[in-house]
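Subject: Structure handover

Hello,

Here is the structure I said I would pass on. My notes follow below it.

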Amino acid sequence: MMEKWEGKIAIVTGTSSGIGRAIAVRLVEAGVKVVGLARREERGRELAAYLNGKKGEFHHITADVTKEEDVLNAYRWIEANLGPVHILVNNAGNVKEGGLIDTDSSVLREVFELNTLSVCMMTKDAVKMMRAHGIDDGHIVHINSVGGHVILNNVNVYSASKHAVTVLTETLRRELNAMGSQIKISSVSPGVVDTEVYDNTVELKGMVEKMTTLKAEDVVDTVIFILSRPPHVQIHDIFVRPVNQPF
């Protein structure tokens with residue numbers, strides 16, 4: 001069923017590493033024209049070179065998705081140069097180690113801005129573009145977290161920021177229903193994934209190194225499964241945990 005997306009436009013945030021990069025690769029291999037939004041320009045150029053000549057296309061835009069002007073400029077470029085978006089994967093996110101009480105407010109703000117507010121900005125502009133171009137079969141996928149459903153220790157507002165994504169998924173589903181739209185919204189909630197997100201932590205990185213973890217490709221498999229469902233099937237939220245994860 002991925003054939004329906006061949007030649008269509010997908011936006012994936014956070015494509016410089018980990019899950020976002022792996023999603024971009026798989027979509028391009030499936031014939032999708034992918035625009036990757038990430039802050040690390042060199043990584044974006046490397047990925048574009050790697051995907052050159054594949055079935056689809058990859059275009060990198062250096063952007064900070066917590067900045068509204070960057071988001072708006074990205075959408076303007078995509079519409080002018082490629083066309084309207086059909087798929088949006090909100091993948092960019094971060095986790096900061098430390099307790100709620102002792103963590104500086106600037107760090108708390110950074111987590112919410114990337115994990116929650118950027119999702120809102122990216123999503124609303126994607127839906128607006130889809131509706132403006134008469135696209136009624138688009139799909140938005142939030143890369144959420146098990147932390148969006150349970151409380152994780154020593155990560156301050158991470159769980160709160162991801163709980164918000166869980167609620168935003170249902171909020172958008174209801175709004176789209178009220179519009180009579182066939183645009184789908186899905187959330188993927190992975191457990192611990194072996195990616196760079198833990199590189200700047202101490203306790204978390206040590207814990208992850210002792211655990212069985214998911215690989216980025218495991219999450220990608222789930223995203224492809226969601227995008228491959230027939231028109232009448234909408235996967236609302238799906239958990240993907242490694243074996244023996246304790247939470």
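I start with valine 188. Leaving out residues up to four places away in sequence, valine 188 touches Val141, His142, Ile143, Asn144 and Ser145, then Val219, Thr222, Val223 and Ile226, and finally Asp237, Ile238 and Val240. Please keep in mind that this is a predicted model.

Val188 is also one of the residues with the most contacts inside the largest nonpolar core, along with Ile23, Leu27, Val34, Ile143 and Leu227. That core has 33 residues. Two or more residues each come from strand E1 (9-13), helix H1 (18-29), helix H2 (41-51), E4, strand E5 (139-143) and helix H7 (216-227). Another core lies apart from it and has 26 residues, Ile9, Ile11, Tyr75 and Met129 among them.

On the overall architecture: the protein chain has 7 helices and 7 strands. Read from the N terminus, the order is β-α-β-α-β-α-β-α-β-α-β-α-α-β. Along the principal axes, the C-alpha atoms fill a box of roughly 45 × 40 × 35 Å. Of the 247 residues, 51% count as buried. Among contacts between residues at least 6 apart in sequence, 73% join residues at least 24 apart.

As for the surface, the chain exposes about 11,500 Å², and carbon and sulfur atoms supply 51% of that area. There are 27 positive and 31 negative side chains, with the centres of the two sets 4 Å apart.

Some individual positions follow.

Asparagine 91 sits in the loop between strand E4 (85-90) and helix H4 (105-132). Its relative accessible area is 11%, so Asn91 is buried, the limit being under 20%. Beyond its neighbours within four places in sequence, asparagine 91 is in contact with Thr13, Gly14, Ile19, Gly20 and Ile143.

Threonine 116 is placed in helix H4. With a relative accessible area of 9%, threonine 116 is buried too. Not counting residues up to four places away in sequence, Thr116 touches Val111, Ser161, Ala164 and Leu168.

Glycine 7 belongs to the segment before E1 and counts as partly exposed, at 40% relative accessibility. Its contacts, leaving aside neighbours within four places in sequence, are Gly31, Val32 and Lys33. The C-alpha atoms of glycine 7 and alanine 30 are separated by 9.3 Å, and the two residues are 23 apart along the chain.

Most residues other than glycine have a negative phi. Asparagine 154, however, has a positive phi of about 65 degrees, and asparagine 244 has a positive phi of about 70 degrees. Asn154 is in the loop between E5 and helix H5 (158-179), whereas Asn244 is in the segment after strand E7 (237-240). Are these two positions buried or exposed? Asparagine 154 counts as partly exposed, at 31% relative accessibility. Asparagine 244 has a relative accessible area of 71%, which is over 50%, so it counts as exposed.

Regards

Key. Residues numbered from 1 in each chain as written. Predicted model: local features only at pLDDT ≥ 70, side-chain atom pairs only at ≥ 80, totals over all residues. Heavy atoms only, no water. Helix = DSSP H or I, 4+ residues; strand = E, 2+ residues; numbered from the N terminus. Buried < 20%, exposed > 50% of the residue type's maximum accessible area, 1.4 Å probe, protein only. Contact = heavy atoms within 4.5 Å. Areas by Shrake-Rupley, 256 points an atom, 1.4 Å probe, with all protein chains shown as cover. Lys, Arg positive; Asp, Glu negative; His and termini not counted. Charge placed at Lys NZ, Arg CZ, Asp CG, Glu CD. Core = buried A, V, L, I, M, F, W, Y, C linked by side-chain atoms within 4.5 Å.
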